[in-house]
Amino acid sequence: AKMLYFGIAYGLSAFGLAQRLDLPDADARKIIARYFDRYAGVKRYIDWSIEEARKKGESRTLYGRVRAMPELAARNPALRNAAERTAINTPIQGTAADVVKVAMIRVHDALARERLDAQLLLQVHDELVLEVGEKDLAAVEALVKREMAGAAAPKVPRDVEGSAGRSWGEAH
């Protein structure tokens with residue numbers, strides 16, 4: 001289901017879907033048509049993203065980072081199609097990356113301000129990994145949740161989960 005939803009939203013063709021699901025092309029076309037019938041807003045977003053990127057020659061995150069996209073005018077269909085997928089993806093994934101960067105800065109600054117026994121070690125996708133002294137564990141978990149949740153002001157609230165363990169793989 002995840003491959004289907006994200007694949008279609010990011011420009012997976014009927015041919016690509018048919019190959020991945022071992023279906024006839026006609027069945028894959030029907031699946032994609034039903035998807036866009038049900039999620040018409042996704043189709044509008046896809047069309048809008050590509051058109052805006054073509055007009056401007058670039059795509060932007062909600063924070064204003066720019067990705068130049070000269071390949072949208074390429075004669076090579078494979079290059080052009082890849083650029084269209086990037087035009088769809090950049091505002092979504094790029095904005096998510098921006099939010100995590102803001103969260104990292106907020107967490108780092110709050111840890112310094114509150115002088116807690118913790119250090120931000122790394123970021124993996126949408127996760128922050130910290131080393132925390134046991135006495136400050138509860139305070140740091142609350143701080144991280146607060147700062148990550150406040151990293152952006154979206155219309156849809158984000159849930160922030162925390163876990164602790166002796167190593168990343170042992171977190172509970």
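**Cores and packing in a predicted model**

Colleague: Which residues is Leu143 in contact with, once its neighbours within four places in sequence are left aside?

Modeller: Please keep in mind that we are looking at a predicted model. Contact here means heavy atoms within 4.5 Å. With the neighbours within four places in sequence left aside, the residues in contact with Leu143 are Val107, Ala110, Leu111, Glu114 and Leu116.

Colleague: How many residues does the largest nonpolar core have, and which element supplies the largest share of them?

Modeller: The largest nonpolar core has 16 residues, and Leu143 is among those with the most contacts inside it, as are Val107, Leu111, Leu128, Val140, Val144 and Met148. At least two residues of this core come from each of helix H5 (77–114), strand E3 (118–124) and helix H6 (137–149). The largest share, six residues, is supplied by H5.

Colleague: Is H4 roughly parallel or roughly perpendicular to H5?

Modeller: Two packed helices are described by the angle between their axes and the distance between the axes. For helix H4 (residues 40–56) and H5, the axes lie 9 Å apart and the packing angle is about 105°. Since angles of 65 to 115 degrees count as roughly perpendicular, the arrangement of H4 relative to H5 is roughly perpendicular.

Colleague: How many residues of the contact of H4 with H5 are nonpolar?

Modeller: H4 brings Tyr45, Ile46, Ser49, Ile50, Ala53 and Arg54 to this contact, while H5 brings Glu84, Ala87, Ile88, Pro91 and Ile92. When these residues are divided by kind, two are charged and one is polar, and the number of nonpolar residues is eight.

Colleague: Is Thr90 buried or exposed?

Modeller: Thr90 lies in helix H5, and, apart from its neighbours within four places in sequence, Thr90 is in contact with Ser59, Arg60, Thr61, Arg67 and Thr95. Its relative accessible area is 8%. A residue counts as buried under 20% relative accessible area, so Thr90 is buried.

Colleague: What is the C-alpha to C-alpha distance between Gly94 and Arg67?

Modeller: Gly94 also lies in helix H5, and Gly94 is buried, with a relative accessible area of 13%. Leaving aside neighbours within four places in sequence, Gly94 is in contact with Thr61, Arg65 and Asn89. Although Gly94 and Arg67 are 27 residues apart in sequence, their C-alpha to C-alpha distance is 9.4 Å.

Colleague: Which helices do the buried residues of H1 pack against?

Modeller: In helix H1 (residues 2–9), the buried residues are Gly7, Ile8 and Ala9, and just after H1 comes Gly11, which takes a positive phi of about 95°. The helices that the buried residues of H1 pack against are H2 (14–21), H3 (25–38), H4 and H5.

Colleague: What is the radius of gyration of the chain?

Modeller: The chain has six helices and four strands, and its C-alpha trace spans about 60 × 35 × 30 Å along the principal axes. A compact globule of 172 residues would have a radius of gyration near 16 Å, whereas the value for this chain is 21 Å.

Methods: Residues are numbered from 1 along each chain as its sequence is written. This is a predicted model: local features need pLDDT of at least 70, side-chain atom pairs count only at pLDDT 80 or more; totals for chains, interfaces and linings use all residues. Side-chain values use heavy atoms; hydrogens and water are left out. A nonpolar core is a set of buried Ala, Val, Leu, Ile, Met, Phe, Trp, Tyr and Cys residues joined through side-chain atoms within 4.5 Å. Buried means under 20% relative accessible area, exposed over 50%, partly exposed in between (1.4 Å probe, protein chains only). Axes are lines fitted to C-alpha atoms, for helices over the stretch in contact, and angles run from 0 to 180 degrees between N-to-C directions. Angles under 35 degrees count as roughly parallel, over 145 as roughly antiparallel, 65 to 115 as roughly perpendicular and the rest as oblique. Ala, Val, Leu, Ile, Met, Phe, Trp, Tyr, Cys and Pro count as nonpolar, Asp, Glu, Lys and Arg as charged, and the others, Gly among them, as polar. The radius of gyration is taken over C-alpha atoms; the globule rule is 2.2 Å times the number of residues to the power 0.38.
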